[in-house]
Amino acid sequence: MHVDIVPVGEVDAPVKREASAGLRTVYDCEVTVHDAQPVPDGSYDANRDQFRAEEFIELASHVGSGEKNIAITPKDLFYRRRNYVFGLAYLDGNGSVISTYRLQTSSDGGFSNRSAEDIFSDRVRKEVVHEIGHTLGLEHCDNKRCVMNFSPTVREVDVKEENLCGTCQRQVL
Ligand SMILES: [Zn+2]
Ligand SMILES: [Zn+2]
């Protein structure tokens with residue numbers, strides 16, 4: 001499998017590096033990083049001061065050269081009635097997105113004694129692995145340690161691991 005990472009807006013080099021590394025580790029896939037793209041026109045919702053996640057997915061699908069493509073953006077994303085999303089993907093689709101905006105919270109609430117930088121890197125890796133999992137047909141998993149566990153807050157992201165549980169692995173690997 002080939003996954004193309006599509007940076008949208010100004011994405012720092014370490015974020016691209018961590019995302020690539022996470023995907024390679026878990027899916028043993030080829031990963032490329034696309035040229036940076038501007039934020040999609042019309043994706044901004046002025047009332048919410050946030051960006052519509054769907055348009056980032058469309059952009060990734062459209063410009064990405066991979067079998068699966070994932071947009072990464074520092075912009076704050078929302079989806080329908082949800083106040084915010086860390087990421088979004090359609091089941092079995094070829095596009096997906098993650099936002100680093102709300103993954104930056106420096107502390108993990110004492111869950112580990114890792115540095116803020118390491119915690120942030122882990123979150124980025126978990127979120128890209130999670131969204132690409134959806135594009136491979138995986139739904140949310142009840143196993144709290146599994147990367148496919150639904151994690152609406154950073155606390156839950158921090159609790160789960162970067163890897164797919166055995167059950168999820170058997171479906172895609
Ligand atoms: Zn999900
Ligand atoms: Zn699982």
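## Exercises on a predicted model

C165 sits in the loop that runs between helix 4 and helix 5 (166-172). Keep in mind that this is a predicted model.

**Exercise 1. Decide whether C165 is buried, partly exposed or exposed, and find its contacts.**

Step 1: Count the C-beta neighbours of C165 inside 10 Å, which gives 18.
Step 2: Compare with the cut-offs: 20 or more means buried, and 12 or fewer means exposed. With its 18 neighbours, C165 therefore counts as partly exposed.
Step 3: Skip residues up to four places away in sequence, and C165 touches C141, N143, R145 and C146.

**Exercise 2. Find out which residues UniProt lists under "binding site", and how they sit in space.**

Step 1: Look at the record. The unreviewed UniProt entry lists C141, C146, C165 and C168 for "binding site".
Step 2: Check the spread. These residues stretch over 28 residues of sequence, yet they cluster in space, with a largest C-alpha distance of 8.6 Å.

**Exercise 3. Describe the surroundings of C146.**

Step 1: C146 is in the loop between helix 3 (116-135) and helix 4 (154-159).
Step 2: Count around it. C146 has 21 C-beta neighbours inside 10 Å, so it is buried.
Step 3: List the contacts. Leaving out residues up to four places away in sequence, C146 touches C141, K160, L164, C165 and C168.

**Exercise 4. Now try I5: where is it, and what does it contact?**

Step 1: I5 is found in strand 1 (residues 2-7).
Step 2: I5 counts as buried because it has 23 C-beta neighbours inside 10 Å.
Step 3: Setting aside neighbours within four places in sequence, the contacts of I5 are K16, A19, S20, V31, V33, H34, I70 and I72.
Step 4: For a distance, take R17: it is 12 residues from I5 in sequence and 10 Å from it in space, C-alpha to C-alpha.

Definitions and conventions
Residues are numbered from 1 along each chain as its sequence is written. Chains are lettered from A and ligands numbered from 1 in the order in which they are written. This is a predicted model: local features need pLDDT of at least 70, side-chain atom pairs count only at pLDDT 80 or more; totals for chains, interfaces and linings use all residues. Helices (H or I, at least four residues) and strands (E, at least two) are DSSP runs, numbered from the N terminus. Two residues are in contact if their C-beta atoms, placed from the backbone, lie within 7 Å. UniProt positions are given in the numbering used here, feature names are shortened, and annotations may be inferred rather than shown by experiment.
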